[in-house]
Amino acid sequence: MAGTTVDTTALDRARDVIVKYGFIAVTILLFIYFALTEPAFATSSSIFSMLKFVSVTAILGLGIMFTMVVGGLDLSIGSVAGLAVQMAAMTMVFYNMTGFTAVGVVMLAGVLVGLINAFLIVVCKIPDLLATLGMMFVIQGAKLIPVSGQSVTSGMVTRDGSEAPGRFTEGFLQIDRGFVGPIPLPVVIMLLLVIASWFFLSRTTWGRVMYAIGANPEAARLAGVRVGFYRGLAYVISAMLASVGGLILVSRIGQGDVNAGASSLLEAVAVALVGRSVLGAGKPNAWGTLLGAVLIAIVLTGLTMKGFQYYHQDTAKGAVLILALIFSYTLSRKKIRYVSAT
Amino acid sequence: MAGTTVDTTALDRARDVIVKYGFIAVTILLFIYFALTEPAFATSSSIFSMLKFVSVTAILGLGIMFTMVVGGLDLSIGSVAGLAVQMAAMTMVFYNMTGFTAVGVVMLAGVLVGLINAFLIVVCKIPDLLATLGMMFVIQGAKLIPVSGQSVTSGMVTRDGSEAPGRFTEGFLQIDRGFVGPIPLPVVIMLLLVIASWFFLSRTTWGRVMYAIGANPEAARLAGVRVGFYRGLAYVISAMLASVGGLILVSRIGQGDVNAGASSLLEAVAVALVGRSVLGAGKPNAWGTLLGAVLIAIVLTGLTMKGFQYYHQDTAKGAVLILALIFSYTLSRKKIRYVSAT
Amino acid sequence: MQDEPRTDPTGSGDVALRLTDITKDFGPNRVLKGVTMDLRAGRVTALLGANGAGKSTLIKILSGIYEKQDGSVQVAGADVDITTPMTAAQHGIQTVHQRIDDSIIPDLTVAENLVFEELVRGALPRVRSLKALLPRAREIASSLDLGWSDTFLLKDAFEISIADGQLLLLARALNQRPKVLILDEPTSTLSAAEADRLFTLVRRLRDDGVAIMYVTHRLSEVRALADDLVVLRDGRLQQEQTTPFDMPAAVEAMLGKAIQVEADSLTEHRGEQVALQLRGLQLLPRSAPLDLDLRYGEVTGVIGLIGAGKTELAQAIFGVDRLRAGTMQLDGTDFAPRSTGAAVRRGIYLAPEDRAAQAMLPGWTLATTGSLPFLSSISPGSVINRRAERKMAADIINSYGVVATGPDQEMDALSGGNQQKVVVARWLRQSPRIMLLDEPFRGVDLGARREIAGKAREQAANGACIVVLVSDVEELREVADRVVVLAEGQIYLDAHASEIDNSTIIASMSEVA
Amino acid sequence: ACSQGDAEGDEPTEEGTTAEAADSTAGGATDEAEVTEAAAEAPAPFDGDGVNIAIVQQSGQGDYFQQYLNGTRQQVEALGGELAVFDAQGDNATQASQLDQAIASSPDGIIVRHGFPDTLCPGVNKAIEAGIPVIIYDVEIQECAPDAIQTQQSDIEMASLVLDQMVEDVGSDVNVGYVNVAGIAPLDRRDGVWQEYKADNNWTELFKTGTYTNSSATDTAPMVSNALKANPDVAAIYAPYDELTKGTLSALEQNPDLTDVLVYGADISTADIELMKAEGSPWVATGATDPNAIGATVTRTLALHMAGELEETKVEFPPILITADFLRENDVNNMEDLRAAEPALNISDVSSADWIPTVTF
Ligand SMILES: Nc1ncnc2c1ncn2[C@@H]1O[C@H](COP(=O)(O)OP(=O)(O)OP(=O)(O)O)[C@@H](O)[C@H]1O
Ligand SMILES: Nc1ncnc2c1ncn2[C@@H]1O[C@H](COP(=O)(O)OP(=O)(O)OP(=O)(O)O)[C@@H](O)[C@H]1O
Ligand SMILES: [Mg+2]
Ligand SMILES: [Mg+2]
């Protein structure tokens, strides 16, 4: 077994710089371009609303990031956000409970889904991607059963003919609509979660251990790490983050919406992937994920302002993703294959 | 790969039997149950229409199977089918060409996408899953640009204000609507492709080499296999199969449809996964994929006839998938190598 | 692998493969600095060399995995250009690489594995059913007297044992009727009986006029098998010998200086107090129960061939796998670790045998790799004190003589021996109660071996219970106070090191009940 | 809720719904109907054991379609029949397959709801040839299947009602925004009306945006918000599909400075009512039908057709204009209140006969 040391040539150094700062440079250049050509782009209200819109994607991206850290990928995250939307609406509208209860119920449901995922992955040994794909279908279907496939709205007539007693509480609606000073509350939540995730992952033993599992689960186990527990934990954290994203969504929509969340999945995956490649970190990280979300927000906002249609945006999203991947895999020297030469 | 022979106990043998025949037994039992309780279920016209209905999913599943064989997973397959729909419609309606030309154009486009995927994966070294996810976005968006996001229908007004000159040719429409004896043409196509894929994979050197790459790429390389070539080939085959699926789709729809194909992806993945787990093969195989498609068709048709809503069906689909995974991973004693996303 | 003098000492002697001035760079790193050597038909040439000497690189060039920078390769007097594994095969060069996992294809059947190269080369019809491949597979198997039935040939390759896998690969290589056969540590996964079978085969091939290159770290095998011997050091050919060999000279050429570790130069420690009492432990699926007491204050050397159950023993104590049967008592109280973490908390540590697969974390630095098992000790409130972490790493570097630029150097960039020092040191320096070292000397050169052994003995002197599991007698001699010989999951010998000689140990190692 | 002809589902599946399956659910979000008993003996085939009706729908996802299906089911039950539901979940190819499957199960009548004409023509013609009466809802199929009975809600009227109101509110020569998606039949019909009004009133369209996805409202919101940032100077926005209207409202919320932009929408549901009534809501008017009633009326049309009593080959269902002021004045909180305040929504006089028990909601 021989690890390989290669000296850094000028070409390699140039490439390293591109890998490390290329993405940030692209983001900044795009920002400048749009700011110069679209006067409305760089206003503070526009920037805040951009951040606000991206907050859910970013939070879901953080969840996916956690599962990437332990070497997996959570595809059920969009449907968990959708489940949160449904549960919050049902709690407040059908059962006339407070917003606090709704938040509690949603988070509990999230933890439960996370535990099921963890069970399938850790105990049943089903690969992450496949287990969470299955769960995605199951949640998407099962959540609609109690409401017969209809969105929950206040004032709706229930099956026994009476009017649903509750409505969204004012406090609950503030989750999306509130402000902290000039900053929209979802943006604050997003930033807090980014900081918390960053701290957790790179400053605490739990985070370190999770990275170890992602790097080499066998080595982690033989270093005394409870691999199953931490892998499971990542899925629980992921589902909880998805639930937080769902709470913001439902408070934004102001009612249950059977379709909410579903479309966030691929975007969140893209954001987490971009996040892994920025700063040349080569490993999933919270600030990168935020940057990925911001980059996608800039691209999409800029393109909308320039009058492009949704399909141009899909194309742009795909292009950004592929670019990130080229940075990660094609250019980066990080991924040196480990040579075993016994 | 652990090269150890472990003693077969009675328990292990029972488990092996379950793993090997469990899925087939479930399929047959379900069929019998639905046939007995729903008189319309087991009529020959109903069975043929069930098979016809499942043909596209099965063909796309075959494509995914090929990429699984070489240890990857093609997520762009749904969007390639969608691209085929679009290209066929544009060729006949905008450019007033024949159905044959349309088929040619579609297959060419498929090969092109396959080559791009192959390039990203083999040359740029981007992991399969991520490269094809990026391509999925790009194709989904890019295909809509020439038609401004509109479905192509005969007689539609094009951008320059004139009426589109062409229409779907009768012959082209026969792809979906034709029969061979009593058997619908798409069913015949599906069966031929299943047989061809099975033959290719398990009777020819090329197929064996592909399995070898999926099972142990390093060993294949050492034995002189051009690994890059065959991995690329799998993606080209996959895109071509997706294009065939798209041709059936568009001939079924009878016009362009911007949304066609997209929804087939997850189902095709599920079918290929089920396919890998049946017969305890533990490796992707064509007959298993067909069986997976048939099982899903039986479940969905049966549930429809029993009067369940679409969300019950999502739940059922997820449950079937998770069941397949438990057969594959939890019960099977064979360790399946799995390419993770990261 | 007994010393068995060859029956026919003369080979035909024609040069089958001639290497002239082979060089190879990895980036700015010149790994092969002009290797010139001959392999002669009908002779076995042993290739010796310390870690990183370039053996595997040379083999990979010959088998078409790497391309050489410079120099020429001649097969039977004609210049050849080896660019791919295919061209290597076309020129009659076949290689059996050491890790069979690298070469076996688990999803295909044994039969398909046997004929795989023929398939790839197009020597068989492109379209063939499995049944139609059987006769050819049978033919190959029977030409080597493997005695494999059709049922066996139709098994998926993942079902067969490591030893059978090794034979399969050998058969596959021989099937190509090679002029040159390269074997990279072929016996490392074989039992004594299987190794003997392999030796018989190798001799038969030699007698058929094949030129064989045989890579090994085991001098006994060299003595038993080789006609010629070459030593590679630092990318250069250092020495060539023909039988009879001057082994000390070869070792000196390998390492640059003669390192002699005499068994009696150890001051033997004798432990009194029992640390761990094992009763009725079943190590392998069909093995009989084993009783063993491990004591504080001494180094117990557990020796056995591959598959004897050494790793199982270590892993059972460390809580990696559930016990099949049996009980353990730690300091007189019942002990049944449910996880590796539980063992670590009780002061029981394991440095696993396969460093790359079981200890290395791709992209991790020396500091983070070193601190992983004991993170909590430097993390008040679970927040990692990074200064303490780096101090920990600096301490490892200093006290174990690790050659590294500092705590932040990536582990991947260290040489193998230094990597091994780090992954052993991170446990050993934490005052273990019981320290299990599984093949701690695998792939490390003698210098590093000596340092690791010294540290282990130092801990034993301080009262720790040290268990070293090895399969090589020399390695055992370097470190052990007490010798336990394991074969097929059972103890065949248990004695103080000074009380037994090597031949007794070797004899009981290959004992079969 | 939306009355338009294309929806995107997740996967092609078929589906059928009987009353038991739907009723076995807990939260219960379906509107119960009142049945007005029939006043006369029913003709064949309604005089026997009960009829089998199949509905082949392009999508069942979302509130509008769930209510439509509810209306259909209740009316079928009132007629003593049983309903099998084939739901393509937005996938047109699946719909074609399911039409085949429906025909294979030989029902007494088929309702085909939404979809592409080119996709459905062969199946519809096959059914008619097989002697199965077919009613089409909202598919322009007359050209290729002339014998099919066509029904639809009048999108042109719906758009005109709302846009008349808009002309009244903002007048001519102003800047306006437009949120719509091309390529979806009913939205295209509404688009046609919009283009006329825009030209007639000399409105300047500063932006057109919007997207159609699984979650159109959430996904459209940022697009409209960005468009508004670039073009804050609009007097009104027309968003003729309530998911798009919702997205537009959400976008306006992101731009709290734009207090006097008015929003004109389409469709109505309990959720929409809440949004329109909310204090300071910019959504001032919408044009709507009640999906429950439409579902029921299509079924009655089929019943007439099956009994051989239908004279027309095309039946249109008129929408009404609903303004936020109307909702507030009448204290309307949900669809039930709305129907009480505006019984015309039940369109119970369309396709009625004395032997048909009519359901109202
Ligand atoms: N792919 C590679 N990239 C860079 N350096 C490499 C690569 N492979 C080998 N090396 C370096 O080449 C040198 C020789 O390695 P090689 O594997 O040939 O040694 P070896 O003699 O086989 O040693 P061992 O006894 O460990 O098997 C080592 O220093 C190693 O670090
Ligand atoms: N023919 C075989 N049947 C069963 N198990 C085998 C066979 N050959 C090898 N093994 C494997 O060998 C294991 C026992 O070897 P173990 O790794 O404990 O040996 P060891 O003495 O530690 O040798 P090593 O030097 O490889 O560490 C068994 O558990 C099994 O996995
Ligand atoms: Mg080597
Ligand atoms: Mg071992």
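## A residue with positive phi

Asn96(B) is placed in the loop between α3 (77–94) and α4 (99–123) of chain B. Helices (H or I, at least four residues) and strands (E, at least two) are DSSP runs, numbered from the N terminus. Although Asn96(B) is not a glycine, its phi is positive, at about 55°.

This is a predicted model, in which local features need pLDDT of at least 70 and side-chain atom pairs count only at pLDDT 80 or more, while totals for chains, interfaces and linings use all residues; side-chain values use heavy atoms, with hydrogens and water left out. Residues are numbered from 1 along each chain as its sequence is written, and chains are lettered from A and ligands numbered from 1 in the order in which they are written.

## Cis peptide bonds

Two loops are described here through a proline. In chain C, the peptide bond from Thr243(C) to Pro244(C) is cis, and its omega is near -10°. Pro244(C) belongs to the loop between β10 (236–242) and α10 (247–255) of chain C.

In chain D, Ala44(D) and Pro45(D) are joined by a cis peptide bond with an omega of about 0°. The loop that holds Pro45(D) runs between β1 (34–36) and β2 (52–57) of chain D.

## The parallel sheet of chain D

Chain D has an open sheet of six strands with parallel pairing, in the order β3-β2-β4-β5-β6-β12. Two strands pair if DSSP finds at least two bridges between them. At the edges stand β3 (82–87) and β12 (314–317) of chain D, each of which pairs on one side only. From one strand to the next, the twist averages 20°. Axes are lines fitted to C-alpha atoms, for helices over the stretch in contact, and angles run from 0 to 180 degrees between N-to-C directions.

Within this sheet, strand β5 (residues 134–137) and strand β6 (residues 149–153) of chain D pair in the parallel sense over three bridges. Tyr137(D) stands opposite Thr151(D) in β6(D). Helix α4 (residues 117–129) of chain D lies across β4 (109–113) and β5 of chain D, and runs at about 155° to β5(D).

## The mixed sheet of chain D

Another open sheet of six strands in chain D has mixed pairing, with the order β8-β7-β9-β10-β11-β13. Its edge strands are β8 (204–209) and β13 (320–323) of chain D, and each pairs on one side only. On average, neighbouring strands of this sheet are turned by 20° against each other, direction ignored.

Strand β7 (residues 175–179) of chain D runs parallel to β8(D), and five bridges join the two. Val176(D) is opposite Glu205(D) in β8(D). Helix α5 (residues 155–170) of chain D lies across β7, β9 (236–238), β10 (262–266), β11 (283–288) and β13 of chain D, and its direction is at about 170° to β10(D). Helix α7 (residues 216–230) of chain D also packs on the sheet, where it touches β7, β8 and β9 of chain D. The direction of α7(D) makes about 150° with that of β8(D).

## How the chains meet

Which chains share the most contacts? Of the five pairs of chains in contact (heavy atoms within 4.5 Å), chains A and B do. By contrast, chain C and chain D do not touch, and their nearest C-alpha atoms are 32 Å apart.

The structure holds 45 salt bridges over all chains; a salt bridge is a side-chain nitrogen of Lys or Arg within 4 Å of a carboxyl oxygen of Asp or Glu. In one of them, the side chains of Asp100(D) and Lys52(B) meet at 3.3 Å, N to O. This pair crosses between chains, from helix α3 (residues 92–104) of chain D to helix α2 (residues 44–69) of chain B.

## The interface of chains A and B

Here 44 residues of chain B are in contact with 45 residues of chain A. The two chains bury about 3,700 Å² between them, 79% of it on carbon and sulfur atoms. Buried area is the accessible area (1.4 Å probe) that two parts lose on being put together, summed over both. The count of salt bridges between chain B and chain A is zero.

On the side of chain B that touches chain A, α5 (128–142), α11 (264–277) and α13 (310–331) of chain B each supply at least two residues. The largest share, 14 residues, comes from α13(B).
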